[in-house]
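Here is a short note for someone opening this structure for the first time. Please read the points with the model in view.

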Amino acid sequence: MTLIQTNRLLYDGTDWTFDTIRRIHDAVAEIAHKDLGLSTYANQIEVITAEQMLDAYASTGMPQLYKHWSFGKHFAQHEAGYRHGHMGLAYEIVINSDPCISYIMEENSATMQCLVIAHAAFGHNHFFKNNYLFQQWTDAEGILDYLTFAKRYIAECEERYGQAAVERVLDAAHALQAQGVHRYPRKKPLNLMSEELRERDRERQREEMFNDLWRTVPGKTAPSGKDLSESRRRAMLDLPQENLLHFLEKSAPRLRPWQREILRIVRLVAQYFYPQRQTKVMNEGCATYCHYQIMSRLHANGQITDGSFLEFLQSHTNVVRQPTFESQHYNGINPYALGFDMMSDIERIVTEPSEEDREWFPDLAGTGDVMAVLRDTWANYRDESFITQFMSPRLIRNWRLFHIADHPDEEDLKVAAIHNERGYRALRRSLARQYDVAWTDPDIQVIDVDLAGDRKLIVHHNVLDGILLQPGDCRSVLQHLADLWGYGVIMREVEEASGTVLAEHQASPRTGVA
């Protein structure tokens, strides 16, 4: 039985006040910074209602985001599911910003507020601040100001040009936002605040390029000595290019300046979320491991009661629950469960390694400093490289992983690897590939523009492993691309190795968008 000194307790019972939240934050911060060595942005904690949490859900977790009809649709779906008991709400939403904003629900008990603060305000916060992908692709200091600018700009466009006109552009931009990110690091971090200040210079450069490009179209008198060669045309259009929204923003001939600005807003928001797509397992694993360590130390220090700790353990167990594949609740691999298990497994390898661990992880086994290893891992890996590097044979056995190969040329499924000596590396490699965006996202690139003919845009999908695009989705997205381009679009699905065209799709623009 644990003897608790009541004067050390952060709270007693389930009720909380704002003073309780402050004391919880300070106690969690002391453990996070001194014991775990976390480095975090300053915290801003906002208490919101369940309805506000649903609203934040609907707007991709960003309460400051601009308005769009699809967010209202998602709100209605989530609200209906929540009211009928078909789904629960997340206990928190956290924004990668400086200060880091964590939204907690007023319906939470004091223990849940403590758990959420440990999880979001310190676990996620540390990951956002230190992981190399977030450092390369996001601007924590400028994102809130930029979202405020974007919300105001789109509201002004709705007043000036009409809500329907703005939503047509947003609909098309949202359909293409998965192909609206730069996948390779740039030379220096993007400062979102400077985007607004640089708009005038971009506009001037764009006009100069347009004048030079479009006066060479047949029917216009080309200036002497300025024939537009294919190589020069492709260079001026920066082709080939995989960022479709960036290409349209810079080169679509019929878009007006306010429409280009909306494309840039959607593109930058998509870029902001790009690191989160690549670090779901690591990000949630980091936050879950941190909240487990912090809550355990609060209990060991006598700062929360046994009852509070049991309440925490119940919630923690639900978070890291992994239904088996035959369960009706199975929905793929739970990133919280996989991330937490891998972090805990690293702790075991560092402190109590087996001979197998020493063979597989010679630079890691028995080194003793768990937090130093984990902090380095959280800073320098993404999901794909993290699993490739740190998934151990013991964890593969515990999870009972095996690899099913489904070849289109073979009638039966094949078990390609199981958890045995020969299968460990194949299993680890195949699992890691599921988190590699280079494999999961279609490789679609703008190849050329038929300036000498009907100005048709030519796009290629480089087919990987013979997997073609879904025809229905392809037609819908291609229609939005043609609407924004203002002329016809042709997409060829090309087998990269042989150059064979496997399928071809075309779309013509509808009136009223560009």
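1. Helix α20 itself covers residues 424–433. Its buried residues are Y424, L427, R428, S430, L431 and A432. Keep in mind that this is a predicted model.

2. Next, a helix pair. Two packed helices are described by the angle between their axes and the distance between the axes. For α13 (residues 280–300) and α17 (residues 370–380), the axes come within 11 Å and cross at roughly 155 degrees. An angle over 145 degrees counts as roughly antiparallel, so α13 is roughly antiparallel to α17. The crossing of the pair is left-handed. On the α13 side, the residues that meet α17 are M282, C286, Y289 and C290. On the α17 side they are V370, M371, L374, T377 and W378.

3. Look at the open sheet. It has four strands in the order β6-β7-β8-β9, and the pairing is mixed. Which strands stand at the edges? They are β6 (443–449) and β9 (501–507). Each has a single partner strand, so one side of each is left without a neighbour in the sheet. From one strand to the next, the twist averages 20 degrees.

4. Within that sheet, check β7 against β8. Strand β7 spans residues 457–463 and strand β8 spans residues 489–495. The two run parallel and are joined by seven bridges.

5. Now the hairpin. β2 and β3 form it, with four residues between them. The two strands run antiparallel, joined by four bridges. V94 stands opposite S102 in β3. In a regular strand the side chains alternate between the two faces of the sheet. Are the faces of β2 (residues 92–95) covered or uncovered? Both are covered. E92 and V94 lie on one side, I93 and I95 on the other, and all are buried.

6. Last, a single residue. H246 sits in helix α11 (residues 244–251). Its relative accessibility is 16%. Buried means under 20%, so H246 counts as buried. Its side chain makes a polar contact of 2.8 Å with that of Q241. Leaving aside neighbours within four places in sequence, H246 is in contact with H182, Q241 and R267.

Definitions and conventions: Residues numbered from 1 in each chain as written. Predicted model: local features only at pLDDT ≥ 70, side-chain atom pairs only at ≥ 80, totals over all residues. Heavy atoms only, no water. Buried < 20%, exposed > 50% of the residue type's maximum accessible area, 1.4 Å probe, protein only. Polar contact = N/O pair within 3.5 Å; in protein donor to acceptor, adjacent residues only side chain to side chain. Contact = heavy atoms within 4.5 Å. Pairing = 2+ DSSP bridges. Axes fitted to C-alpha atoms, helices over the stretch in contact; angles between N-to-C directions. Parallel < 35°, antiparallel > 145°, perpendicular 65-115°, else oblique. Left-handed = near helix turned anticlockwise from the far one by under 90°.
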